[in-house]
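The sequence and the structure are shown first.

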Amino acid sequence: MDEFEAPILSIKNVNKQFGSGCEDCARMDHLIKNFCPTCGTVYACQNISFDLYPGEVFGIVGESGSGKSTLMRCLYFDQDVTSGEAFIRSYKHSKKNLFEESSQQKRFIRNHLMGKVYQNPILGLRMNFSSIGNIAEKLIAAGNRNVEEMESRGRMLLDHVNIPVYRMKEAPKNFSGGMQQRVQIAKALSNNPSILLLDEVTTGLDLSVQASVLDLIKQLQRELNISIIIVSHDLGVIRMLADRTMVMLDGKVVEHGLTDQILEDPQHHYTQQLVHSLL
Ligand SMILES: Nc1ncnc2c1ncn2[C@@H]1O[C@H](COP(=O)(O)OP(=O)(O)OP(=O)(O)O)[C@@H](O)[C@H]1O
Ligand SMILES: [Mg+2]
Ligand SMILES: [Zn+2]
């Protein structure tokens, strides 16, 4: 990572709340974690800012409910932010806040500049389509029309993530959890995105399967020099992959820095607990 290089993605002051808030919400001592007991509003992401640099793996770690998936959904436009800004270097030279673009432009950004792997494969794949059909769908969304080209690209991608090509016509519902995540990864990579969003890719998989999916991500990152945001509640996963890490708690960033530094010298009490539970 070159520290003088411009970020490929900049996130500034992202807020996402579920509910419209009330007068009590503003009282600092009133919220229970990220939740207002008076009106039921959840402050899932509060003032989140970070930069992602070319070729780096950026980790986001935090306990269940800390807002990691909400943040990823906002970045991929699955959900609208309440407020905040996002800029991509290769999109209008970082001059336009992506969150304020039209839905057509957002679709363009999603299909050409980003790929996402969902925590739950049901959200990322059509379980009854063939695996290669899932990839074709993303290629078509980006404007491809040539069937032969799409088929050869699909074969190449599935082979790349170690799905045997003779199973490419099979539907993901027939695949194991690890294979489903591999198909999601292939699909996410189909349009050569510069940014890959990985939400708990290995959660729920057996340890040995987990290791092989993590190895695949490492290998892809080296080969493609893609920038990756990887979200996990498991600091072990983050330690293995991330150059820099941001720690979230109750919708807020409590700590960020080089992963090695965070592991060696965690500053926040919550991070200290996380690191100790790893030892
Ligand atoms: N559609 C929604 N409506 C209301 N609250 C929501 C909604 N989606 C998420 N939340 C709340 O936002 C908070 C953050 O949830 P989120 O899924 O982002 O957490 P997470 O860090 O990904 O957790 P996990 O590690 O369990 O996946 C939670 O309190 C959750 O209940
Ligand atoms: Mg989540
Ligand atoms: Zn309230």
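In this predicted model, Thr41 is in contact (heavy atoms within 4.5 Å) with Gln17, Phe18, Gly19, Ser20, Gly21, Cys25, Asn34, Phe35 and Cys36, neighbours within four places in sequence being left aside. A polar atom of the Thr41 side chain lies 2.9 Å from the backbone nitrogen of Gly21; a polar contact is a pair of N or O atoms within 3.5 Å, one able to donate a hydrogen and the other to accept it, and residues adjacent in sequence count only if both atoms are side-chain atoms. Thr41 is buried, its relative accessible area being 1% (buried means under 20%, with a 1.4 Å probe and protein chains only). Its place is in the loop between strands E1 and E2.

The elements concerned are DSSP runs, helices (H or I) of at least four residues and strands (E) of at least two, numbered from the N terminus.

| Strand | Residues |
|---|---|
| E1 | 9–18 |
| E2 | 42–52 |
| E4 | 83–88 |

These strands form an open sheet in the order E2-E1-E4 with antiparallel pairing, where pairing requires at least two DSSP bridges. E2 and E4 stand at the edges with a single partner strand each, so one side of each has no neighbour in the sheet. Seven bridges join E1 to E2, and Phe18 has Val42 in E2 as its bridge partner. Helix H1 (residues 68–75) packs on the sheet and touches E1 and E2, its direction making about 65° with that of E2; axes are lines fitted to C-alpha atoms, for helices over the stretch in contact, and angles run from 0 to 180 degrees between N-to-C directions.

Residues are numbered from 1 along each chain as its sequence is written, while chains are lettered from A and ligands numbered from 1 in the order in which they are written. Local features need pLDDT of at least 70 and side-chain atom pairs count only at pLDDT 80 or more, whereas totals for chains, interfaces and linings use all residues, and side-chain values use heavy atoms, with hydrogens and water left out.

Note on methods
Buried < 20%, exposed > 50% of the residue type's maximum accessible area, 1.4 Å probe, protein only.
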